[in-house]
Structure formats: C-alpha cells, structure tokens
Amino acid sequence: MDILSMVGDRTLAAALILLGASTLCYIPGGVNGAIVASHLFYHDDVRKYGSGNAGLTNFYRIYGAKYAWCVILVDMGKAAVAVALGMWIFGPEGAVFGKYFAGVFCIVGHMFPFLYRFKGGKGILCSGMTLILLDWRIALVGWGVFLLLWATTRYVSLGSVCAALSLPVMTWAVYRNEGGFPYIMLCAVLMAALVLWAHRGNIQRLLTGTESKFQWHKGPPKEEAGAQ
C-alpha cells in the first residue's frame, strides 16, 4: 500500500490527508486518564506529585488503586478510538498502516496533550492497547516481555522499554511482506522511539541503580496527595 497512490500524483492532497489523519488521531490521545481521574475523583492534579508524570503508575502511587480503573479505561479506550479512525481513514487496503499511523499520533497526543498544556504521560497504556489492536502476535510478545520483567524485577519502566523495543522486531516478523511495509516499519520505529524518549530519565536511573520499584498498596500512601 503506497500512501501516495490514494491520491495519484497529487502530493499536496496526500499531505493534507496525512495531516488530517494525524490530527484526528492526536485528539483522542490528548484525553489523559490519570489527569481526568485525579480531577474527577480528587479535585486534584496527579502531575503535582511523585514523578510528575500523568500515567497509571504515578496515579497509583499517589492515590492508590480505587480509581485506577478510570485511568485504564480512558487511556486504553482512546487508543481504540484512534486506531478505529486510522483504519477508517486509510480504508481496507491501508488498514494495517492506518493502525500504526494512528498509534503514533495517539501516543504523541498522550505525551503532549493540548488540553493540559502539553504535559502528559509516557504512553504505556495507550501503547499497550495499540499492540493488542495491531496483531495478537505482536501483543503477545510485547505484553509478555512487559509482564515478565515487571513481575521479576518490579521495574515498570524496564518492562515498558523492552516491550517498546520488541515492536519493530515483531513488526518485521509479522508484516515484512505487507504492502507498504517501509511506511509501517517507520511507524513502528517511531512508536518505540517515543516510548524510549519518554523513559529517558528512567533508563538513566536503571543504569545507575536508582530507579524506584513498583510497590503494591490499596489506598493512597501520602496524605499530601490532596485526595478528598
């Protein structure tokens, strides 16, 4: 599937299609589950505490598990919406590329949400949902790597980074004979690169042995989190 073939030789039209598609997929990505849940249930902003990250891990550390379902629902749901839009825009012949393309811009929206002054999360939940929607084999390896490393080391960041690295590898394994594969592979590399970039601080702490391990708890561990 050559993207430009959709509009013949009119490269301006192709550019406009890609611009419109990227915008439509970016918008749902900008609805951040951790920020929504902290505002809705605690009249607070999760970004003021802990790591300052608007993601599930920081939300859980600050507020506990009670409303973590809301973060999961929003962040995974928006990936499903974005991927559905990508498949619709690029049609049946470009559905695979559409899923990958949507994944890239949903993650961008999550990391740089226009609704929240471009300060969002690290894209793990929406990335994880995107893996599920790309292909079951890609999801199996990505989620398997994440869960194995998280369970054995208790480093969420390590599992996330390694799962991201598995995406280009599995994309090559599954879709190397797909039409338009170079475009698909480019999107896979971009998704992995975005996750790695978002975790650059975590990677540095992992290398120096100062990264925090995940700790299970039921309620909010800090009164100063602002929970009501």
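Helices (H or I, at least four residues) and strands (E, at least two) are DSSP runs, numbered from the N terminus. The model is predicted, so that local features need pLDDT of at least 70 and side-chain atom pairs count only at pLDDT 80 or more, while totals for chains, interfaces and linings use all residues. Residues are numbered from 1 along each chain as its sequence is written, and side-chain values use heavy atoms, with hydrogens and water left out.

**Exercise 1. Identify the buried residues of helix 3, their packing partners and the residue that follows the helix.**

Step 1. Helix 3 covers residues 56-63. Its buried residues (under 20% relative accessible area; exposed is over 50%, partly exposed in between; 1.4 Å probe, protein chains only) are Asn 58, Phe 59, Tyr 60, Ile 62 and Tyr 63.

Step 2. These buried residues pack against helix 2 and helix 4 (68-90).

Step 3. After helix 3 comes Gly 64, which has a positive phi, near 90°.

**Exercise 2. Describe the surroundings of Ser 38.**

Step 1. Ser 38 belongs to helix 2, residues 33-42.

Step 2. With a relative accessible area of 0%, Ser 38 is buried.

Step 3. Contact means heavy atoms within 4.5 Å. When neighbours within four places in sequence are set aside, the contacts of Ser 38 are His 43, Asp 44, Asp 45, Val 46, Phe 59 and Tyr 63. Phe 59 and Tyr 63 are among the buried residues of helix 3.

**Exercise 3. Determine how helix 5 and helix 6 are oriented and what their contact consists of.**

Step 1. Helix 5 (residues 95-111) and helix 6 (residues 124-134) pack at an angle of about 170°, and their axes are 10 Å apart. Axes are lines fitted to C-alpha atoms, for helices over the stretch in contact, and angles run from 0 to 180 degrees between N-to-C directions.

Step 2. Angles over 145 degrees count as roughly antiparallel (under 35 roughly parallel, 65 to 115 roughly perpendicular, the rest oblique). Helix 5 and helix 6 are therefore roughly antiparallel to each other.

Step 3. From helix 5, Lys 99, Tyr 100, Gly 103, Cys 106, Ile 107 and His 110 meet Cys 126, Ser 127, Thr 130, Leu 133 and Leu 134 of helix 6. By class, this contact has 6 nonpolar, 4 polar and 1 charged residues. Here Ala, Val, Leu, Ile, Met, Phe, Trp, Tyr, Cys and Pro count as nonpolar, Asp, Glu, Lys and Arg as charged, and the others, Gly among them, as polar.

**Exercise 4. Characterise the chain as a whole.**

Step 1. The chain has 10 helices and 0 strands.

Step 2. Its radius of gyration, taken over C-alpha atoms, is 18 Å, close to the 17 Å of the globule rule for 228 residues, so the chain is as compact as a globular protein of that length. The globule rule is 2.2 Å times the number of residues to the power 0.38.

Step 3. Buried residues make up 49% of the 228 residues.
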